[in-house]
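Hi,

Here is the structure I promised to pass on to you. Please have a look at it first, and then read my notes below.

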Amino acid sequence: MIRLPSSVSVTIDSIHEVCEGKKSEIFRRYADNLFDPNCCYSIYYGERVKSLDLVSNSAEEARTWISGLKYLMAGISDED
């Protein structure tokens with residue numbers, strides 16, 4: 001489970017998709033030129049499909065998170 005300061009929690013089995021770059025509506029609307037797109041990624045989760053938009057310190061860190069989350073998601077779907 002990913003815990004966030006604002007009391008939002010996301011379980012691996014609630015994640016629908018993990019997207020690299022600044023593809024979410026929030027990134028496009030508010031952060032267009034603020035962050036390196038290689039450091040950005042979004043997690044789409046929940047019944048009502050919300051996005052959790054994140055910025056890592058480096059592109060390598062973002063790729064690590066994206067790969068890890070996708071790996072965990074694949075493990076969950078394999079169990080079904």
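The notes below go from the overall layout to the sheet, and then to a few side chains.

First, the ground rules. This is a predicted model, so local features were kept at pLDDT of at least 70 and side-chain atom pairs at pLDDT 80 or more, while totals for chains, interfaces and linings use all residues. Residues are numbered from 1 along each chain as its sequence is written, and side-chain values use heavy atoms, with hydrogens and water left out.

**Overall layout**

The protein has two helices and five strands. Here helices (H or I, at least four residues) and strands (E, at least two) are DSSP runs, numbered from the N terminus. Read from that end, the order of elements is β-β-β-α-β-β-α. Of the 80 residues, 31% are buried; buried means under 20% relative accessible area, exposed means over 50%, and partly exposed is in between (1.4 Å probe, protein chains only). Among contacts with a separation of 6 or more, 45% are between residues 24 or more positions apart, where contact means heavy atoms within 4.5 Å.

**The sheet**

Three strands make an open sheet, ordered β3-β4-β5, with antiparallel pairing. Its edge strands, β3 (15–20) and β5 (50–55), each pair on one side only. From one strand to the next, the twist averages 20°; axes are lines fitted to C-alpha atoms, for helices over the stretch in contact, and angles run from 0 to 180 degrees between N-to-C directions. As a reminder, strands of a sheet pair through backbone hydrogen bonds, either parallel or antiparallel. Two strands count as paired here if DSSP finds at least two bridges between them.

Strand β4 (residues 40–45) pairs with β5 over six bridges and with β3 over five bridges. On the β5 side, C40 stands opposite V55, and I43 has L52 as its bridge partner.

How much of β4 is covered? Six of its six residues are buried. C40, S42 and Y44 point one way from the strand, Y41, I43 and Y45 point the other way, and all are buried.

**S42 and its surroundings**

S42 is found in β4 and is buried, with 1% relative accessibility. Its side chain joins that of D53 in a polar contact of 2.6 Å. By polar contact I mean a pair of N or O atoms within 3.5 Å; within protein, one must be able to donate a hydrogen and the other to accept it, and residues adjacent in sequence count only if both atoms are side-chain atoms. Leaving aside neighbours within four places in sequence, S42 is in contact with E17, V18, C19, S24, F27, L52 and D53.

**Cysteines**

A search of the whole structure gives zero disulfides, a disulfide being a pair of cysteine sulfur atoms within 2.5 Å. C39 is in none, and its nearest cysteine sulfur is that of C40, 6.5 Å away.

R29 and E25 are four residues apart in helix α1 (residues 25–30), so about one helical turn separates them. E25 counts as partly exposed, at 45% relative accessibility.

S58 lies in the loop between β5 and α2 (59–79). It is partly exposed, with a relative accessible area of 28%. In sequence S58 and N38 are 20 residues apart, while in space they are 7.7 Å apart, C-alpha to C-alpha.

Best wishes
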